[in-house]
Amino acid sequence: MDSPVSLNSTTNNENLVIYETEKDERSHKKKKRANRQIMHITFFFVLVFLGLIAYMIKFTYLDSPAIIVNSRNKRQASFAQKTIRGKIYSSDGKVLAQTEDGGTDSEHRVYPYGREFAHVVGYNKKGMSGLESKYNYQLLTSNSGLGTQIKNALLDHNNEGDSLYTTLNTRVQEAAYDALGNRKGAVLAIEPSTGKILAMVSKPDFNPNAIEDSWEELNTSTGSSLVNRATQGLYPPGSTFKIITAIEYMRDHKNYEDFSYTCNSTITKNSVKVSCYHGSTHGKVNLRQAIAKSCNTAFVELGSDLSKSKLRKLAENFLLNQDTGVDIANKKSSMKLSAKTQNSQMPQTVIGQGDTLMTPLNNALIMCAIANDGIIMKPYLAERIESAGGNIIKEYSSTEYQEAISKKEAATMKEMLQEVIENGTGSRLKNSRYSVAGKTGSAEYNSNKDSHAWFVGMSNVENPDLVVCVIVEGGGAGGSTAAPVAKQVFDAYYDAGLGSIE
C-alpha cells in the first residue's frame, strides 16, 4: 500500500519555499542597497576629483600669477638670494631700474631717472609697487643659458634675472613730468590703436632711490605721495563727462542736430540750480556749441531727463564701475546712478558732478575709444621679457578690450570735439602743427567751488596717434591749466619722431 501523504510535510515544504524566496529577496535588496551606496561614494569621489582638477586649472591659469607676485610669498625671497634682479627698460632702450654691486649682501636697486618714473616703475624696498611689484616674479627668474648657470653655480655667483622692456618712452615721460611741474595731479599718454602707455606721471612724487630713508615721512605726510594718481586717483570728471551725456542724448534724439538752447548763465531743473563756470553766459547754442563752450546749463537742459539706466549702461561701456585692465595697481571709477536715483541728482550727474568719480586712466580710455572707432584697447605697460642673453622669453601685444560705442558715434563725437579746440574752451591747442580734438573740464570738489582742471584729447584726428589726459588738482579751468600741459606732451611725442603728422 502506498503511504499516506502528510499534510504537515507539504505545508512545511511550502513554508520552506516561501522562506527561501523571502530570504533571496532580502538578500537582493541588501545587495542593491549596497551597490547604490557604492555608486554614491564613487560619484562623490569622482566629483571631488573633478573639482580638484578644476581648482588646479583655475589656480594655474588665474590665481597663481597674483600669488607669485604677492609680497607675502616667501618663495620670492629664495629667488632673490640666488638671482640678481633683472633690469627694467623704456621702449627707447633706457634703463629705468637696475641692480648694482653684485653679491647677495651688497646689492641695491638703482633708479637712474629718480622721481620721474617713481610711480609707474615703483620700488622694491619696504614692500613693492608699480612694475617692480607686478613683474617681480619675471625679474627674479633667470633664463640665462645652461652653461652660464652651471658656471655661476660653480663660482657661487648669482644668475642674472630676466629684464622687462616697457612701453614707456623717456622723452614723452619727461615732457609730461616737466609740464605738470610742482602741481598735484597726473598725466597719461596712450596710443589709442594699441593701448600702449607711453607716459604715466603722478605728483606729488618720491625718490625711489631713497625709499627706505624717507619711508616714515612718506607714510605720515598728508600729500599721499605714494599713491599713483594716474590709476588710483578718483576725481569728479566735471565737464569731460559731457562726452558720455552727449552720446546718450544723440542715441535718444535722432534729431539732435536740431537741439537749441539759450544760456543765461543759470538754470533750475528738478528743483536744482546750476550755473555755468564762473557765471558765463553763452547765449543761443546748439549741441556742438554746447560741447565746445562747455555750457553747463545747456547740458542740464538736455541731459536731466535722460534714462538713468541707459546713461549708466553707456558709462559702464566706457569702463566706469569696471576694471580698466591695466597691469599695475588701479582703482575702478565709480558711478552710482540707478533707476532709483532721485531726479534731483540728475542735473549734477550729467555735467560730471554729483557722486560720479573717475580715474585719469579711465578718462583717457574714453577718449581712446572715440579715437579708435569706438573700440577700447586694453591698456598695457609691458612690451616683452628678455633673458640676460637677449632671448625673448615672452612678448605682450595689443588686445581689444571692448566696444564702447559704434564707429559712427565715434566719428560724430570726433567732429564735435574738434570744435572744442577750434571754437571753444580748448583753444590753447589751436593752430598746433597737428590736429587736435578734446574736452576740457573744471570739476568742483568742495563747498567753496574750487575745481580740478581736466583736459583729455587726441592728436592727428583723422588717424589718431596719441591720447593725452591731464588732471591738475585745484587747477581751476581745464582750458587754461590742463590743456597747455597736454600740448607739451603732444609736442614731445612728435619731436621724438613717434608719430606722423598728416
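**Close-up 1. Lys439, a buried lysine without a salt bridge.** In this predicted model, Lys439 sits in strand E17, which covers residues 436-444. The side chain is buried, yet no salt bridge goes with it. Look for the nearest side chain of opposite charge and you end up at Glu419, 13 Å away. What does the Lys439 side chain touch through a polar contact? The partner is the side chain of Ser294, at 2.9 Å.

**Close-up 2. Glu409 and Arg251 meet in a salt bridge.** Searching the whole structure turns up 16 salt bridges, and the pair shown here is one with an N to O distance of 2.7 Å. The two side chains come from distant parts of the chain, 158 residues apart. Glu409 belongs to helix H16 (residues 407-423), while Arg251 belongs to helix H10 (residues 242-252). Are the two partners buried or exposed? Glu409 counts as buried, because its relative accessibility is 18% and the cut-off for buried is under 20%. Arg251, at 29% relative accessibility, counts as partly exposed.

**Close-up 3. Helix H16 again, this time with Glu415 and Arg288.** Here the salt bridge runs between Glu415 and Arg288, with the closest N and O atoms 3.6 Å apart. Glu415 is in helix H16 and Arg288 is in helix H11 (residues 287-293), so this pair ties together parts of the chain that are 127 residues apart in sequence.

**Close-up 4. Ile291, a buried residue of helix H11.** Stay with helix H11 and you come to Ile291. Its relative accessibility is 2%, so Ile291 counts as buried.

**Close-up 5. Arg433 and Asp495, part of a salt-bridge network.** Arg433 and Asp495 form a salt bridge, and their closest N and O atoms are 2.5 Å apart. Who else joins in? Lys487 and Asp491 do: salt bridges that share partners connect them with Arg433 and Asp495 in one network. Arg433 counts as partly exposed, at 44% relative accessibility, and so does Asp495, at 48%.

**Close-up 6. Two surface patches, one of positive charge and one nonpolar.** The charged patch gathers Lys30, Lys32, Arg33 and Arg36 on the surface. Lys30 has its place in helix H1, which spans residues 7-69. With a relative accessible area of 58%, Lys30 is exposed, because the exposed class begins over 50%. The nonpolar patch takes up about 570 Å² and is made by Val46, Leu47, Phe49, Leu50, Ile53 and Ile57. Leu47, one of these, is also placed in helix H1, and at 60% relative accessibility it counts as exposed.

**Close-up 7. The cis peptide bond between Lys203 and Pro204.** Zoom in on the backbone here. What is the omega angle of the bond joining Lys203 and Pro204? It is about 10 degrees, and the peptide bond is cis. Pro204 lies in the loop that runs between strand E8 (197-203) and helix H8 (211-220).

**Close-up 8. Positive phi at Asn270 and Leu319.** Asn270 is not a glycine, yet its phi is positive, at about 55 degrees. You'll find Asn270 in the loop between strand E10 (266-269) and strand E11 (272-275). Its relative accessible area is 26%, which makes Asn270 partly exposed. Leu319 isn't a glycine either, and its phi is positive at about 80 degrees. Leu319 is in the loop between helix H13 (308-317) and helix H14 (346-349). Is Leu319 buried or exposed? At 1% relative accessibility, Leu319 counts as buried.

Note on methods. Residues are numbered from 1 along each chain as its sequence is written. This is a predicted model: local features need pLDDT of at least 70, side-chain atom pairs count only at pLDDT 80 or more; totals for chains, interfaces and linings use all residues. Side-chain values use heavy atoms; hydrogens and water are left out. Patches are made of residues with over 30% relative accessible area and no salt bridge: like charges are joined within 9 Å, nonpolar side chains (Val, Leu, Ile, Met, Phe, Trp, Tyr) within 5 Å. Accessible areas come from the Shrake-Rupley method with a 1.4 Å probe; for residues, only the protein chains shown count as cover. A salt bridge is a side-chain nitrogen of Lys or Arg within 4 Å of a carboxyl oxygen of Asp or Glu. Lys and Arg count as positive and Asp and Glu as negative; His and the chain ends are not counted. The place of a charge is taken as NZ of Lys, CZ of Arg, CG of Asp or CD of Glu. Helices (H or I, at least four residues) and strands (E, at least two) are DSSP runs, numbered from the N terminus. Buried means under 20% relative accessible area, exposed over 50%, partly exposed in between (1.4 Å probe, protein chains only). A polar contact is a pair of N or O atoms within 3.5 Å; within protein, one must be able to donate a hydrogen and the other to accept it, and residues adjacent in sequence count only if both atoms are side-chain atoms.
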